Amino acid sequence: MKAIDVHVHIVPLFGYARIVGPEIAGAMRKYYRAQEEEVLKTEEEMADDFRSLDLKAIIIGFDAESNSGIPKIENDYVAGLVQKYPDTFIGAWAMVDPWKGQMAVKEVERAVKELGMIGVKFQAVHQGFFPDDRRFYPIYEKCTELKVPVSFHVGNTGLGAGLPGGGGFRLSYVRPVPHIDNIAADFPDLTIIMIHPAWPWHEEQIAVLLHKGNVYADLSGYAPRYFPESIKREVNGRLQDKFMYGSDYPDIQPKRWLDEFESGGYKPEVIEKVLYKNAQRILNLKS
Ligand SMILES: [Zn+2]
């Protein structure tokens with residue numbers, strides 16, 4: 001195994017329009033400067049994208065129903081892919097809609113205990129909530145009790161980018177300080193992953209990573225060539241035990257990410273940690 005990709009969307013199985021709606025999907029393609037037509041894939045073809053590079057992938061569910069009105073993708077389906085392709089999809093993040101209250105708490109328990117999912121992932125911009133709003137604390141209490149990590153998108157997003165009013169999406173939901181920092185302080189036994197370099201708040205992100213022992217980050221969503229300089233320095237230095245490889249497939253192709261990272265001037269032991277050792281330890285993976 002070359003690496004564990006901790007941030008893999010199953011978008012190619014459905015198409016963007018199904019996940020974010022046609023208008024937002026079009027804007028995202030522009031934002032990511034997608035050159036080619038979106039290609040839909042079979043499950044087998046998607047698994048092959050990782051298998052052919054000797055990668056393991058942790059795939060992601062989708063539920064932002066309350067805020068977006070778009071029907072969720074059942075966690076059962078996502079967990080089922082792990083059952084079907086265990087050589088490649090080694091785990092799955094459940095997604096729960098925090099606005100569903102007690103139903104969300106029950107879904108976390110079901111996703112972890114019955115479906116074997118590894119943790120819970122949120123997209124606060126799409127789901128439209130401040131992560132440190134105390135109304136959502138019962139969800140984090142449940143995750144703490146189940147000893148599974150939670151992950152949150154931080155930093156800028158392609159969702160609604162370029163549209164009037166950003167399609168109504170708000171960037172204030174995804175600032176590391178105060179939102180992630182507050183949860184980390186209130187739940188010291190909860191493992192928290194910040195998704196992406198948090199540009200333009202990556203300095204805040206570094207502060208939280210330095211200050212809160214229970215907070216980590218993945219490096220998905222950016223081609224390594226474009227990582228902010230301070231993130232590059234921290235990955236290669238004092239925060240080398242806190243960052244994990246993630247691509248954000250299909251927006252960033254794993255091969256491109258890995259090529260750029262491996263030629264990015266990082267120390268060999270840092271490359272090993274980022275590509276798989278940190279993920280194995282932080283996410284408590286068996287393999
Ligand atoms: Zn993502």
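**Rings, helices and a histidine**

Let's start with the aromatic rings: there are 17 aromatic pairs, counting rings of Phe, Tyr and Trp (its six-membered ring) whose centres lie within 6.5 Å. The model is a predicted one, where local features need pLDDT of at least 70 and side-chain atom pairs count only at pLDDT 80 or more, while totals for chains, interfaces and linings use all residues. Residues are numbered from 1 along each chain as its sequence is written, and side-chain values use heavy atoms, leaving out hydrogens and water.

Take Phe-129 and Phe-136. Their ring centres sit 5.0 Å apart with the planes at 75°, so this pair is edge-to-face (planes over 60 degrees apart; under 30 is stacked, and the rest are tilted). Phe-129 is buried, at 1% relative accessible area, and Phe-136 is buried too, at 3% (buried means under 20%, exposed over 50%, partly exposed in between, with a 1.4 Å probe and protein chains only). Both belong to a cluster linked by ring pairs, along with Trp-99, Phe-122, Tyr-137, Tyr-140, Phe-152 and Phe-187.

Two of those names, Tyr-137 and Tyr-140, lead us to helix α8, residues 137-146, where they are buried together with Ile-139, Lys-142, Cys-143 and Leu-146. (Helices are DSSP runs of H or I with at least four residues, strands are runs of E with at least two, and both are numbered from the N terminus.) And what lies over these buried residues? The cover includes α6 (102-113), β4 (119-122), β5 (150-153) and α9. Just past the end of α8, Lys-147 has a positive phi of about 60°.

Now follow α9, residues 176-186, to its neighbour α10, residues 202-211: the two pack at an angle of about 20°, with axes 9 Å apart. That makes α9 and α10 roughly parallel (under 35 degrees; over 145 is roughly antiparallel, 65 to 115 roughly perpendicular, the rest oblique). Where they meet, Pro-176, Val-177 and Asp-181 of α9 face Glu-204, Gln-205 and Val-208 of α10, in contact through heavy atoms within 4.5 Å. Sorted by class, that makes three nonpolar, one polar and two charged residues.

Let's finish inside α10, which holds His-202. Is this histidine buried or exposed? His-202 is buried, with a relative accessible area of 11%. Setting aside residues up to four places away in sequence, His-202 touches Pro-228, Ser-230 and Ile-231.

Methods: Axes are lines fitted to C-alpha atoms, for helices over the stretch in contact, and angles run from 0 to 180 degrees between N-to-C directions. Ala, Val, Leu, Ile, Met, Phe, Trp, Tyr, Cys and Pro count as nonpolar, Asp, Glu, Lys and Arg as charged, and the others, Gly among them, as polar.
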